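The following note records points on the chain for a colleague who works with computed models. The points are numbered and may be read separately.

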Amino acid sequence: MKVFHGATAIISRPLVWVGRKNLDFGEGFYTTDIKSQAINWAKRYADIRGEKPVVNIYDFDKEEVRKEFRYLTFERYDREWMEFIVANRTGKKAWQKYDVVEGGVANDRVIDTIEAYISGLISAEMAIAELSKHAPNNQICILRQEIIDNYLHFVKSEALSKGR
């Protein structure tokens, strides 16, 4: 399958340990199968950094990885997804049990709900009710370098125009 990574640089050989700490699905290399989502991320980071946006394109052998590695998939924004996101964002590293995690992004549409739940302003039930109103987009976080080296193949990068 084709996957995409929005950035401000060409990333022909991704490294899992370069990622930021306490993200949704852990400290890994994030991709998506939604090109427009990667483009939006690239433009967002480019605006912040004053650099040029780039979308990197890869072939990912998802089915083979699913057979050989610990692959966790979240189909929807639900309690299991929310608790996993909260654990990772608060430093509990729930992601360490897996090699790849796939599911919805805790983005601008849902992050306020997650933060309200973390802060204790709303209950889990209230958060789930709010989250269920949204269809998840998609992110795939690769947490093992071995998977990148053997199952993620750089195809090309595309320079994008600045601005949203």
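This is a predicted model: local features need pLDDT of at least 70, side-chain atom pairs count only at pLDDT 80 or more; totals for chains, interfaces and linings use all residues.

1. Lys 93 is partly exposed, because its relative accessible area is 34%; the classes are buried under 20% relative accessible area, exposed over 50% and partly exposed in between, with a 1.4 Å probe and protein chains only. Lys 93 belongs to the loop between H3 and strand E5 (100–103). Its phi is positive, about 55 degrees, although Lys 93 is not a glycine. Most residues other than glycine have a negative phi.

2. Residues are numbered from 1 along each chain as its sequence is written, and side-chain values use heavy atoms, with hydrogens and water left out.

3. Asn 22 also has a positive phi, near 60 degrees, in a residue other than glycine. Asn 22 sits in the loop between strand E1 (2–7) and strand E2 (29–31). With 37% relative accessibility, Asn 22 counts as partly exposed.

4. The chain contains six helices and seven strands. Helices (H or I, at least four residues) and strands (E, at least two) are DSSP runs, numbered from the N terminus. Read from the N terminus, the order of elements is β-β-α-β-α-β-α-β-α-α-β-α-β.

5. Overall dimensions come next. For 164 residues a compact globule would have a radius of gyration near 15 Å, and the chain, with 16 Å, therefore agrees; the radius is taken over C-alpha atoms, and the globule rule is 2.2 Å times the number of residues to the power 0.38. The C-alpha trace spans about 45 × 40 × 25 Å along its principal axes. Of the 164 residues, 48% count as buried.

6. Contact means heavy atoms within 4.5 Å. Among contacts between residues at least 6 apart in sequence, 84% join residues at least 24 apart.

7. Which residues touch the most other members of the largest nonpolar core? They are Phe 25, Trp 81, Met 82, Phe 84 and Ile 114, in a core of 25 residues. Helix H3 (79–89), helix H4 (111–118) and helix H5 (124–131) each supply at least two residues of this core, and H3 gives the largest share, six residues. Apart from this core lies another, of 15 residues, among them Val 3, Phe 69, Ile 142 and Ile 147. A nonpolar core is a set of buried Ala, Val, Leu, Ile, Met, Phe, Trp, Tyr and Cys residues joined through side-chain atoms within 4.5 Å. In soluble globular proteins, nonpolar side chains tend to be buried together.

8. Leaving aside neighbours within four places in sequence, Ile 114 is in contact with Trp 81, Met 82, Ile 85, Val 86 and Leu 131. After H4 comes Gly 120, with a positive phi near 80 degrees.

9. Neighbours within four places in sequence aside, Thr 113 is in contact with Ile 122, Ala 127, Glu 130 and Leu 131.

10. Arg 49 lies in helix H1 (residues 35–49) and counts as partly exposed at 49% relative accessibility. Arg 49 and Thr 8 are 41 residues apart in sequence, with a C-alpha to C-alpha distance of 8.4 Å.

11. Lys 162 lies in the segment after strand E7 (152–159) and is partly exposed, at 48% relative accessibility. Not counting residues up to four places away in sequence, Lys 162 touches Gly 50, Glu 51, Lys 52 and Pro 53. Lys 162 and Glu 51 are 111 residues apart in sequence and 8.5 Å apart in space, C-alpha to C-alpha.

12. The mean positions of the 25 positive and 24 negative charges are 4 Å apart. Lys and Arg count as positive and Asp and Glu as negative, while His and the chain ends are not counted; each charge is placed at NZ of Lys, CZ of Arg, CG of Asp or CD of Glu.
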